[in-house]
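Subject: Structure handover

Hi,

Here is the structure we talked about. Please open it and keep it beside you while you read the notes below.

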Amino acid sequence: MEKRPNGGVLLLLLAVSIPLLARLALYITCSTFFSTDVWGILRNSQVLSQYSPISLYSSVFDGYNNYWPATSFELAIFSEVTGAGLLLSVVTITSFISASIITIVYSFRRGLEGGLAAVVIGAAFNVLMMTAAYTKEGYAYVLLLMMVYSLVGRANLGPVIPVVSALALPFTHHLTSLIAAVILFSSFLAHVVRLYKPLPYWAVEFRRVVVSSVPLLASQYLQYLVLGRFSTLSVVTGWLALSLVSYVVVFSLVGLAIGVFVVKVKERLLEAAALLSLVTGVALSGVVAEVVYSLDTVSLALTVLLVLTALLIVVINAVSRDRTTLSSLAWFTAVAGLIAFFVGEEIPGYDSIIYRVAGFIVVLAPLTINGHRRRRAVLASALFLAASVLVYVLTFTGAASPLGWYWVYRESEVYTGLLLKEKLTGLKVCSDVKQGMMLSGFYGVETAQIPCGSEALRLWYRYMATNGALLSAGRVVKVSVDPNRVNGTVLNNGNGFLLLV
């Protein structure tokens with residue numbers, strides 16, 4: 001008798017197909033990279049290939065990504081070893097990254113549950129964003145999931161995988177390594193609580209926490225001493241460190257308390273309480289985001305929708321009293337504490353950081369999917385898939401611009417950057433953040449941000465009149481300039497123009 005295909009395997013194939021189709025649609029649309037974050041990595045990889053050995057403090061680098069050089073080193077090495085150009089290497093490595101993320105998440109559960117988790121992570125909008133091109137955060141997702149798998153995975157992987165991932169994270173991406181530290185700290189805190197109060201549901205072995213924590217802390221300290229203190233991490237002070245620990249402790253304890261509550265109350269009361277806490281959390285996050293996050297109404301609604309459907313998966317599985325899910329509750333609340341820390345301490349650029357931190361809730365949510373409430377897990381996963389597809393479509397049609405539409409670059413923009421580098425050396429170009437990330441990050445062109453002041457050259461594109469020029473995360477201003485009413489147009493590439501004013 002012929003065996004029917006395994007449902008989990010079919011879902012895994014679907015999960016792999018989703019990001020591939022999404023990337024194909026992006027490539028057909030713009031024929032170039034989808035990312036504002038890739039340009040500095042490309043430049044640094046190019047520098048490493050051409051000038052090695054070279055100091056990481058050299059001004060030839062982009063001045064930012066070289067302080068977290070793992071991705072640049074890997075891209076340069078891969079390109080040299082395979083003989084492929086940097087652009088082809090980016091496409092190849094990002095495909096490996098996407099496949100690795102999906103495979104790791106599938107391995108947590110296998111079967112139908114693993115397949116559902118793989119579909120959720122494959123469709124997650126922020127994962128699609130960060131892995132559509134070669135970014136530090138997308139690469140760091142793989143390392144983070146490897147570390148988390150070593151904590152709660154059924155198989156005992158030994159020390160190699162958690163140690164290697166922990167050592168590599170701080171030199172790959174600062175925010176993801178902070179998330180990893182928060183997860184490990186909340187796990188350590190749970191074991192401290194267990195000395196005084198039993199937590200029968202807690203499924204993370206203390207030995208596994210230590211195996212990841214020691215190399216991570218050592219690597220973070222080394223990265224800060226050697227590179228990090230010359231970067232944005234220079235704002236770190238003793239007070240900020242103490243404040244961060246305080247926020248994480250309080251919110252981790254909340255997660256542990258929720259876990260105790262879940263295992264003690266009756267089923268119907270539990271479901272009602274879980275639903276109430278979910279609705280309250282979403283409502284509060286919406287109010288806070290409206291006040292401090294400066295997203296437009298559509299983008300705010302879509303952000304809440306993604307987090308809501310991700311939390312719905314967590315809530316459904318928490319109700320089922322699954323040990324892995326209950327153990328991870330402290331991680332989710334600790335991440336929420338990290339968001340509260342950035343807002344409460346008004347960390348520079350927190351409006352951009354908040355969205356990225358919230359994205360880790362989406363990254364971790366699939367790990368909680370289990371078979372105890374199979375129909376509900378399928379429903380929650382389907383809702384998340386629908387939400388992700390909706391956000392994807394609305395974003396790349398320009399309806400929800402701040403969520404990622406500005407990561408789309410057209411060929412005309414890339415060729416304009418090359419022209420500015422080769423023909424207009426020594427001049428400063430004023431444009432928005434999107435253009436500045438490419439011009440200064442990859443081509444090394446000196447840039448200024450709108451409002452321009454007395455800069456000689458202004459680079460305007462049509463999207464600045466329709467969707468608006470990007471000033472910072474979630475902040476845009478519409479700029480409409482008639483090239484016929486200024487002193488002259490130096491360049492008109494059909495999509496934008498360089499003005500001499």
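A crossing of two helices is left-handed if the near helix is turned anticlockwise from the far one by less than a right angle, and right-handed if clockwise. Helices (H or I, at least four residues) and strands (E, at least two) are DSSP runs, numbered from the N terminus.

Two notes on the source. This is a predicted model, where local features need pLDDT of at least 70 and side-chain atom pairs count only at pLDDT 80 or more, while totals for chains, interfaces and linings use all residues. Residues are numbered from 1 along each chain as its sequence is written, and side-chain values use heavy atoms, leaving out hydrogens and water.

Overview

The protein has 19 helices and seven strands. It has 501 residues, and 53% of them are buried. Buried means under 20% relative accessible area, exposed means over 50%, and partly exposed is in between (1.4 Å probe, protein chains only). Take the contacts between residues at least 6 apart in sequence: 75% of them join residues at least 24 apart. A contact means heavy atoms within 4.5 Å.

α8 and α10

Start with helix α8 (residues 160–168) and helix α10 (residues 206–226). Their axes come within 8 Å and cross at roughly 25°. Axes are lines fitted to C-alpha atoms, for helices over the stretch in contact, and angles run from 0 to 180 degrees between N-to-C directions. α8 and α10 are therefore roughly parallel to each other. The cut-offs are under 35 degrees for roughly parallel, over 145 for roughly antiparallel, 65 to 115 for roughly perpendicular, and oblique for the rest. The crossing of α8 and α10 is right-handed.

Which residues meet? From α8 come Pro-162, Val-163, Ala-166 and Leu-167; from α10 come Val-211, Ser-212, Pro-215, Leu-216 and Ser-219. Seven residues of this contact are nonpolar, two are polar and none is charged. Here Ala, Val, Leu, Ile, Met, Phe, Trp, Tyr, Cys and Pro count as nonpolar, Asp, Glu, Lys and Arg as charged, and the others, Gly among them, as polar.

α10 has 21 residues and reaches 30 Å from its first C-alpha to its last, close to the 30 Å expected at 1.5 Å a residue. The expected span is 1.5 Å times one less than the number of residues. Its buried residues include Arg-208, Val-209 and Gln-223. Among the elements that cover the buried residues of α10 are α7, α8 and α9.

Helix α7 (residues 136–152) packs on α8 at about 145°, with the axes 9 Å apart. This crossing is left-handed. Leu-143, Met-146, Met-147 and Ser-150 in α7 meet Ile-161, Pro-162, Ser-165 and Ala-168 in α8. That contact has six nonpolar residues, two polar and no charged.

α9 is mostly covered, with 15 of its 21 residues buried.

Single residues

Buried or exposed: which is Ser-98? Ser-98 is buried, with a relative accessible area of 9%. It lies in helix α4 (residues 86–109). Ser-98 touches Arg-23 and Thr-131, not counting residues up to four places away in sequence.

Glu-422 sits in helix α17 (residues 411–423). At 52% relative accessibility, Glu-422 counts as exposed.

Last, look at Pro-53, in the loop between α2 (38–51) and α3 (70–82). The peptide bond from Ser-52 to Pro-53 is cis, with omega near 0°.

Best wishes
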